[in-house]
Number of protein chains: 2
Amino acid sequence: MTSVLDSPAGWRTREVAPLDDETLERVDKWWRAANYLSVGQIYLLDNPLLAEPLHRDHVKPRLLGHWGTTPGLNFLYAHLNRAIAEREQSTIYITGPGHGGPGLVASAYLDGTYSEVYSDITEDAEGLRRLFRQFSFPGGIPSHVAPETPGSIHEGGELGYALSHAYGAAFDNPDLLVAAVVGDGEAETGPLATSWHSNKFVNPVQDGVVLPILHLNGYKIANPTVLARIDEDELSALMVGYGHKPHLFTAGFDDEDAHSIHRRFALVLDEVLNEIAEIKDRAARGDETRPMWPMIVFRTPKGWTGPDYIDGKKTTGSWRAHQVPLASARDTPEHLQVLREWLESYGPEELFDADGRVSADIRALAPAGHLRMSDNPHANGGLLLKDLRLPDFREYAVDVPRPGGSFAEAPRILGQWLADVIRLNPDNFRIFGPDETASNRLQAVFEATDKQWNAEFEGPEVDEHMARAGRVLEMLSEHQMQGWLEGYLLTGRHGLFNCYEAFIHIVDSMVNQHAKWLKVTADIPWRRPIASLNYLLSSHVWRQDHNGFSHQDPGFIDHVVNKKAEIVRVYLPPDANTLLSTYDHCLRSRDYVNVVVSGKQPAPNFLTMEQAIAHCTRGVGIWDWAGTEVEGQQPDVVLACAGDVPTLEVLAAAHILRERVPVLKVRVVNVVDLMRLQDAREHPHGLSDREFDNLFTADRPIVFAYHGYPWLIHRLTYRRNGHDNLHVRGYKEEGTTTTPFDMAMLNDIDRYKLVIDVIDHVHWMRSGQANLRQEMVDARLRARAYTRDHGEDIPEVRDWVWPDAGETGTAEGGPQQDQVSATAATGGDNE
Amino acid sequence: MTSVLDSPAGWRTREVAPLDDETLERVDKWWRAANYLSVGQIYLLDNPLLAEPLHRDHVKPRLLGHWGTTPGLNFLYAHLNRAIAEREQSTIYITGPGHGGPGLVASAYLDGTYSEVYSDITEDAEGLRRLFRQFSFPGGIPSHVAPETPGSIHEGGELGYALSHAYGAAFDNPDLLVAAVVGDGEAETGPLATSWHSNKFVNPVQDGVVLPILHLNGYKIANPTVLARIDEDELSALMVGYGHKPHLFTAGFDDEDAHSIHRRFALVLDEVLNEIAEIKDRAARGDETRPMWPMIVFRTPKGWTGPDYIDGKKTTGSWRAHQVPLASARDTPEHLQVLREWLESYGPEELFDADGRVSADIRALAPAGHLRMSDNPHANGGLLLKDLRLPDFREYAVDVPRPGGSFAEAPRILGQWLADVIRLNPDNFRIFGPDETASNRLQAVFEATDKQWNAEFEGPEVDEHMARAGRVLEMLSEHQMQGWLEGYLLTGRHGLFNCYEAFIHIVDSMVNQHAKWLKVTADIPWRRPIASLNYLLSSHVWRQDHNGFSHQDPGFIDHVVNKKAEIVRVYLPPDANTLLSTYDHCLRSRDYVNVVVSGKQPAPNFLTMEQAIAHCTRGVGIWDWAGTEVEGQQPDVVLACAGDVPTLEVLAAAHILRERVPVLKVRVVNVVDLMRLQDAREHPHGLSDREFDNLFTADRPIVFAYHGYPWLIHRLTYRRNGHDNLHVRGYKEEGTTTTPFDMAMLNDIDRYKLVIDVIDHVHWMRSGQANLRQEMVDARLRARAYTRDHGEDIPEVRDWVWPDAGETGTAEGGPQQDQVSATAATGGDNE
């Protein structure tokens, strides 16, 4: 068996000559067999070989599936098989028109993979019956290309990500060809429309090759497609404008016979693959001209080979072929006859023997072993996944002489560790960001690598940290970043996506689909675990300063928490060392979506690395140095916090309370791992009730300052004993122009308001601390008025440090100085 | 004052000739003045006219804003002013690079609008000081183009929607020019990349004209832009491929003087506007050839006219000019001097008189009155908004002889009413959908109108309901639909967006931004209310049948509920008449985001129109006909429901209970308006606690079957008395292939499980109804096994009707028959 892993043999050229008749016949038979199996899956419950007359009971009572795109997908699959076998070219197939599920299942069955991974779908008549029956049937397989489909890394569902996934797969796989079929419906989506530009990022030497094939079959559910209804010249110009050399192929609109069509397409495919091989060869010899990569426009009728007209309405070559063109197949003898004739038109007796076995010459078209696209290990990335070599994150720790005794921009520290992650893993770890990697303070990575860019360069004065190869990829499209990263992870590599918190909602639906993929693959034994999808949301909603209301929304956390508990992790490290510890954990994990939110502005460091590791391991803990508890007694109040800004304000509030009401027993609890709050029965990270009570008490007031919308904390702690005593201060939606502390005040999460909350909820303080309460109200008004006058925070807030540090001099650096230098260095705040 | 409304005078041609010197000087002075005011806003707290030496205290302590795009925006604004005045061409300006807030504020100040709407920003030195100070300052205005900016319908924040908004504004405004500046950063986003294709949808006779201006200044935050780093030939091909005739203009990279640059650009602009006028003229004379609309590529240096180098680093013409290029302006005398020289380079003494008044010749460049782009009423759409003429929805009612006594596909009924809405409002109401309007069962609208399409046609066999002008717009891009609709609403018209529920997450971040716009404009007195943004999510997650897990996510409701309560409304009408009543309400409303979820599959009708109106008016109510309460007694249990599938299952459960445990007092409560559940103090629609208790009781078990994720119901009812007795069954994430009833079982929301829930929560039933409980368990197993065998629901479920109907014969139509015919008519289920 040829292993694509051991001896990549790709990028051969081949003389462009017509196919010999035997190969031609094999290609045609594969196509007919795949089409037969596709129609069979959509319609038939039984009688898979038409061994007996077709009866209505042989037809499924509910017909659900998609025929329209399937014959085109089957055609391309057959031809690619021929070329792959000849060139021993490791290739995976991305099915942009993911509706065409039956086609991909059919091809995986024809090349033998399907029966290998699903042993009950045997290679005989009974196996065919089961293959047909299971499709889009309760307890069976979905009608789309899905995780269950061998050879797929791309779920059919929400459209738009075929090319992003394809390029993600191609990065760092220099010998891999990714044949990416793009539906002309999908081509209308935004993400797909911009993803053509991926070709300016791919490196012709060190990355693989994406061959986009625009499947121009002209129709969507009920409309023509835009790209099918413009001049061919205009369409060609569009592809040239996208940086491609288009090869236009049209077939199926006249009476040209199938062999002639196959012969023509084989020539096109060989020409295209030769062009690719030549580009790879030129690049290997040092030519840095950006290549115009070839692509194919594949114009064929929708529902090709199906019934031309049904009940007098044009079907093949129209939107009516999109789904199930003969929805009433069971209803009349005439319709049954249409279905039978349709199936027979493929000549099943030439394709399968009497036992239902696929004929030998069809099977002979399939490449060997892992060269089969449905068995290519790149499409089951966990097979190829290697652990990252991770530098010891403890060596990157910031010095924390005492809590709050030094300052750092946490992601800047993380960047130093990531730089070494890159150095140790030069070909299977990448950082993705929509033009924000520097803005998010990960600059240190540019000491180890560059931003990969394969469009024009203009010189070092303006092109900093840019090169033809590099581990950072940046384009101003969150969709593209997410899609590239998903493709990269699904093919067995590692990475992270850094983004502004408010704008990560752009990929809400994409993370949905990826999380669902992870959830389903966990139950598919032959799918191996892949690296987690890691987010770093480092320009968060509390520090959008004057940008505008549009930059404010912490709801991505709520969005991901709606996904399955086994898949989702949310971390809110409060300082630099906890961020390091958290990210080390994330990069080691598998099959999760890890959301990490950490501010990029200078902020105090609270925990030494040793403390940080212990704290992150627990996920939640009491910060005894910040509280004023008395050994052996219950605290009067719990001040809890999750997120860096809330933590800072809770500590400042605790400071006020310890100075002004020394008798008050305050416990400070910090939460890093948000899922710890949930019930152990609902989330694998959840605390038991006993653990929860130990931390938060069962009956004392809890004032909880939280980074996001407050409801999430209520939701997570819903069944806890302490829940009725829980008072959450979180993010509120308000559109105003503020300083950082203004934002805290706007959200009632500022130190003064937190002190007021404590006074209001601790019974004996209500009467006894009226003066302090009044003072806090005044302090808020004064702070607000100061920002209106001066445009910055009042000094008592701006220069506040945790008191232990104050006693022995100011903390190192100090918040204000760092802030200015950081601003100067990076061009200021968020975009 | 010229009114653009009364006498549109646009689409004139003008001889293309060089500008006269006086006009040239005015254009140049406007540009310099706008640049001066922009720099002033970013940097200065005081000393606005540089009347005294520049001192560090005159400079803002925190510099936050964006210079890079601003001078280009100002240049274009100045030139458009000239052309608008000459041609009396009603024009609005869309600022794709929305960071350029200071530029748009500057131009609105120069033409007088700013002082008209903000009377404290006077036209004198003190006014200038306030203008500068307020920018990106606490309590002031955001650094981006925002709702506060006169002339804007497009918030600077998340990028990608400039062209979608522009086309939305242009539809049905035949005399309007929309100058849409597209940033080359924004051009990398998916939504923008596909929105160029909008030109295939705009009608050259009945719609206005969008003039895209690609602002190619080469850089983003920290990277070059893709489109600036490809050959000009390639870029031109891209624009041609998008269907445009590109006009390339480059300036600022050599020592060409400003007047020469202005002269060249004026010629380009006149040529372009003449081409537009000719296209409009040809179209008016009946030429139906799709025009290649002109567009401009405007290539100028980023930060044009700013300091070339700062501290030895290239600034103008690089990414370093993106934000605040002189972030340390206050820090050293040298930097202060750089700032002063920069400001003085514009010659403020020629631009403002000693009192700070804008010089007369600058002001003379501005067009008159509403022709000023900052005062164009189309950019304050509420000014132009007319109430829809709505047909009496009661006349479209389905007949409901008794509850559950007839069947309908609710959106199909709604479509009949919408068809008449279209007939009565032929030019200010549109329906938007991503190729799903027919799939979502709104087909009846095509009796009144067509899908507007201005690409090629291929004849009636395949092009059903398509025409060059029509009220329905469909393209396979949810972003585009949302963007078009937003632009249409913001310019004072009405519409709705129909979409599959799972895929509406694609526009999560867009609805965020629109909701925030609505929230802010509510507090801006000169902004008038606009029509609400109406969703119809009609292919919902309970009926995705076999499509796949990717089609399942009801979380859009959770997403919008995180927005401000004043803005958001969520409706879950349980049948056809309630859907009609709900939608009538939505189309009358203003300034809301209305989310309406209603299944498209055949389902029983429960309420007569009279009952439906009463029920929708209350938003929530007891369905006494479905319950078994006894007058004057508390019920034993409340069965609550929200959503059509949950309602059906709750009624079926109530049916079982009334037959099997007649002694049990069941109350059935249905919720249409989800926000009624919330506290009256938190949402304007919220019930008072007394009202809530009256409906749900304070102490009886409530079994609540809900359409979406169960947590939302807990959240909304958090503080209610009955909350501790509330047991919510909602949507759970599971990826399997199911029939409709399978899906209900998967989610524990099926009739049998609901009966079990009642038994488990009503104390006396636990012991007394063990047999019934066992029977229900068996019924579930039997139903599940049946679908595995037959591929469809078990007859006892499939054919179930509400018993009152059963007593007098079967209901009209019946669920199964309708389902088949509907499937046949539309090609089956969801895409």
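# Burial, bridges and the A–B contact

User: Why is Lys753(A) called buried?

Analyst: Its relative accessibility is 14%. Buried means under 20% relative accessible area, exposed over 50%, and partly exposed in between (1.4 Å probe, protein chains only), so Lys753(A) counts as buried. Bear in mind that this is a predicted model, where local features need pLDDT of at least 70, side-chain atom pairs count only at pLDDT 80 or more, and totals for chains, interfaces and linings use all residues. Residues are numbered from 1 along each chain as its sequence is written, chains are lettered from A and ligands numbered from 1 in the order in which they are written, and side-chain values use heavy atoms, with hydrogens and water left out.

User: What makes Lys753(A) and Asp757(A) a salt bridge?

Analyst: The rule wants a side-chain nitrogen of Lys or Arg within 4 Å of a carboxyl oxygen of Asp or Glu. Here the N to O distance is 2.9 Å, so the pair passes. Asp757(A) is buried too, at 2% relative accessibility.

User: What makes Asp742(B) and Arg788(B) a tie between separate parts?

Analyst: First, they do form a salt bridge, with the closest N and O atoms 2.4 Å apart. Asp742(B) is in helix α22 (residues 740–746) and Arg788(B) in helix α25 (residues 770–790) of chain B, so the bridge links parts 46 residues apart in sequence. Asp742(B) is buried at 0%, while Arg788(B), at 26%, is partly exposed. Back in chain A, shared partners join salt bridges into one network of Arg729(A), Lys732(A), Asp748(A), Asp750(A), Lys753(A), Asp757(A) and Arg780(A).

User: How do you know which of Glu629(A) and Arg667(A) is buried?

Analyst: Arg667(A) has a relative accessible area of 8%, so it is buried; Glu629(A), at 30%, is partly exposed. Their side chains meet in a salt bridge at 2.8 Å, N to O.

User: How do you know how much area chains A and B bury?

Analyst: Buried area is the accessible area (1.4 Å probe) that two parts lose on being put together, summed over both. That comes to about 11200 Å², with carbon and sulfur atoms giving 54%. Arg62(B), Arg229(B) and Trp711(B) supply 7% of chain B's share, more than any other three residues. Counting contacts instead (heavy atoms within 4.5 Å), 136 residues of chain B and 137 residues of chain A take part.

User: Why is helix α2 of chain A called largely enclosed?

Analyst: Of its 18 residues, 16 are buried, so the rest of the structure largely encloses it. The helix, residues 70–87, reaches 26 Å from first C-alpha to last, close to the 26 Å expected at 1.5 Å a residue; the expected span is 1.5 Å times one less than the number of residues. Glu88(A) follows, with a positive phi near 50 degrees.

How values were computed: Helix = DSSP H or I, 4+ residues; strand = E, 2+ residues; numbered from the N terminus.
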